[in-house]
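Reader: Could you walk me through how to read charges and burial in a protein model? I would like the general idea and then the case at hand.

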Amino acid sequence: MESLKLKGIPQIEKLLQDKKIAHWFPLISRALTTNIVRETIETIRKECLSGTVVPSYSSITERIDKECRKKWRRRIMRVVNATGIILHTNMGRSPIAEETWRSAEAVNCGYSNLEFDLETGKRGGRSGLLPDLFSALVGAESALIVNNNAAAVFLILSVFATGREVIVSRGEQIQIGGGFRIPDILRLSGARLVEVGTTNITTVEDYLGAITENTAMVLKVHRSNFSVHGFTREPSTAELAGALPENVLLAVDQGSGTTGESLPGETGVAEYIRQGAHLVCFSADKVLGGPQAGCIVGKREYIDTLSKHPLMRTFRPGKTIYSLLEDFLIRRLNGEQSKAGESFGRTLWEMRKIGNRIIRSLGRRFLSITPSTMMTGGGSSPDTIARSLSIELRLPDKPENVSRKLRDLPIPIIGTIDSDCVYLNLATIDSKDVRYIISSLVTLIAEYAQCT
Ligand SMILES: *Cc1c(COP(=O)(O)O)cnc(C)c1O
């Protein structure tokens with residue numbers, strides 16, 4: 001009786017030979033596809049045992065296909081960033097140049113001298129030219145690379161301040177997106193937080209008054225996602241560096257990696273070094289525009305202590321990051337602009353040019369160009385909201401539905417929703433994606449034109 005009810009459910013092996021299902025092997029692996037086939041068949045068996053009729057072969061493969069697609073969409077894939085936020089943490093922050101990516105190929109697809117000294121033929125250091133390149137970029141004595149800036153802060157605190165006191169201004173007890181809180185990271189490192197000053201005012205005397213024989217460090221933290229205005233004051237790094245006793249380390253979490261160029265509300269890494277900070281750390285994939293890494297620059301003796309510490313072993317990047325960063329920094333030192341830098345520099349005129357190309361191909365019935373704003377993002381220059389332009393999409397549907405359709409495209413297009421419309425911000429759209437955007441919108445608009 002039972003087997004009769006299940007008659008007609010296809011064999012798993014047979015389904016796996018079906019082209020419609022096998023085409024998922026290269027996209028999500030044969031193993032995951034097989035799991036989905038098994039689970040779907042198992043569910044169908046249960047449904048049939050409780051009285052449902054066996055679905056048709058094509059509706060079974062359709063069901064499996066849908067599940068495979070769902071799985072595939074969870075892969076990391078390229079998207080079109082039309083949000084107007086240049087360094088969007090949810091979208092991988094800064095893109096890196098194709099030339100940089102290609103130049104790292106040989107090192108990554110073969111063996112390399114990652115930790116081998118070609119001069120002596122013996123084991124060597126891991127960081128290649130990076131300390132020299134970073135030092136040249138920001139005028140520091142030495143440099144060290146870890147996996148990200150959170151690791152950099154944690155390493156600095158753990159190596160120099162475990163069991164000791166770290167003085168931080170009350171105005172800088174911040175949380176950066178994703179749960180990275182300065183007081184928490186301090187506690188985790190085993191250091192004791194000593195708060196000084198107030199939210200808006202902290203003076204040199206506040207810092208000096210808090211120093212005890214147990215003070216290891218003064219930590220300055222860049223307020224990366226908000227700003228304080230009005231009656232505010234804090235000492236400059238130079239003032240602090242001049243006033244602190246010699247045995248107290250002055251470390252700065254600069255965050256964004258702004259180097260020489262000045263973004264409003266940002267002090268560059270080079271400036272902190274010039275003013276006498278002993279160690280400065282920052283992300284490589286924010287304003288700097290490189291791959292994900294954390295960089296620590298500063299006095300050679302401190303950098304050496306950090307590099308030799310056993311904890312460094314848990315934070316060290318692999319050859320992929322080293323090779324990408326090396327090429328990135330060489331180009332940077334030779335005056336080439338990063339991709340993020342190109343976006344920062346895009347003018348309204350250039351945005352309008354891209355917008356006009358799109359409008360010319362699609363007409364004005366559902367689209368127009370409207371004034372809009374753009375942001376740096378990635379925890380930098382919170383005050384800098386610059387003018388930009390957006391394509392406004394007015395389709396006869398809820399903006400949430402339109403936005404969903406754009407996300408479902410083979411290369412998802414991520415825009416924003418504001419008062420009943422979907423917007424594609426022209427500040428962050430790469431001009432090489434314009435043709436793709438046009439052809440995707442042609443299809444989308446045709447869908448709606450049919451129903452109206
Ligand atoms: C972004 C940021 C961090 C964290 O950097 P990650 O590279 O994301 O780990 C830490 N401190 C400040 C001030 C930041 O802006």
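Author: What follows goes from the overall layout to the salt bridges and then to a charged patch. This is a predicted model, in which local features need pLDDT of at least 70 and side-chain atom pairs count only at pLDDT 80 or more, while totals for chains, interfaces and linings use all residues. Residues are numbered from 1 along each chain as its sequence is written, and side-chain values use heavy atoms, with hydrogens and water left out.

Reader: Happy with that. How is the chain divided into domains?

Author: Domain bounds come from an automatic or database domain assignment. Here they give domain 1 (2-72), domain 2 (80-90 + 341-449) and domain 3 (96-337). The centres of domain 2 and domain 3, taken over C-alpha atoms, are 34 Å apart. Along its principal axes, the C-alpha trace spans about 85 × 55 × 45 Å.

Reader: How many helices and strands does the chain have?

Author: Helices (H or I, at least four residues) and strands (E, at least two) are DSSP runs, numbered from the N terminus. This chain has 21 helices and 18 strands.

Reader: What share of the residues counts as buried?

Author: Buried means under 20% relative accessible area, exposed means over 50%, and partly exposed lies in between (1.4 Å probe, protein chains only). The areas themselves come from the Shrake-Rupley method. Of the 452 residues of the chain, 46% are buried by that rule.

Reader: Now the charges, please. How many salt bridges does the structure hold?

Author: A salt bridge is a side-chain nitrogen of Lys or Arg within 4 Å of a carboxyl oxygen of Asp or Glu. The structure holds 21 of these. Take Glu67 and Lys70, whose side chains meet at 3.6 Å, N to O. Both lie in helix 6 (residues 57-72), 3 residues apart, about one turn of the helix. Glu67 is partly exposed at 33% relative accessible area, while Lys70 is exposed at 55%.

Reader: Which residue forms a salt bridge with Arg274?

Author: That is Glu271, with the closest N and O atoms 2.8 Å apart. Glu271 is partly exposed at 26%, and Arg274 is exposed at 63%. Bridges can also share partners: Glu98, Lys339, Asp430 and Lys432 are joined into one network that way.

Reader: And where do Glu234 and Lys220 lie?

Author: Their side chains meet in a salt bridge at 3.1 Å, N to O. This pair links distant parts of the chain, with Glu234 in the loop between strand 10 (215-221) and helix 13 (237-243) and Lys220 in strand 10, 14 residues apart. Lys220 is buried, with a relative accessible area of 6%, whereas Glu234 is partly exposed at 40%.

Reader: Which residues gather in the patch of positive charge?

Author: Patches are made of residues with over 30% relative accessible area and no salt bridge, with like charges joined within 9 Å. Lys and Arg count as positive; His and the chain ends are not counted. Each charge is placed at NZ of Lys or CZ of Arg. On this surface, the positive patch gathers Lys353, Arg357, Arg360 and Arg435. Helix 19 (residues 348-362) gives the most to it, with 3 residues. Arg360 is found in helix 19 and is exposed, at 66% relative accessible area.

Key:
Patches are made of residues with over 30% relative accessible area and no salt bridge: like charges are joined within 9 Å, nonpolar side chains (Val, Leu, Ile, Met, Phe, Trp, Tyr) within 5 Å. Accessible areas come from the Shrake-Rupley method with a 1.4 Å probe; for residues, only the protein chains shown count as cover.
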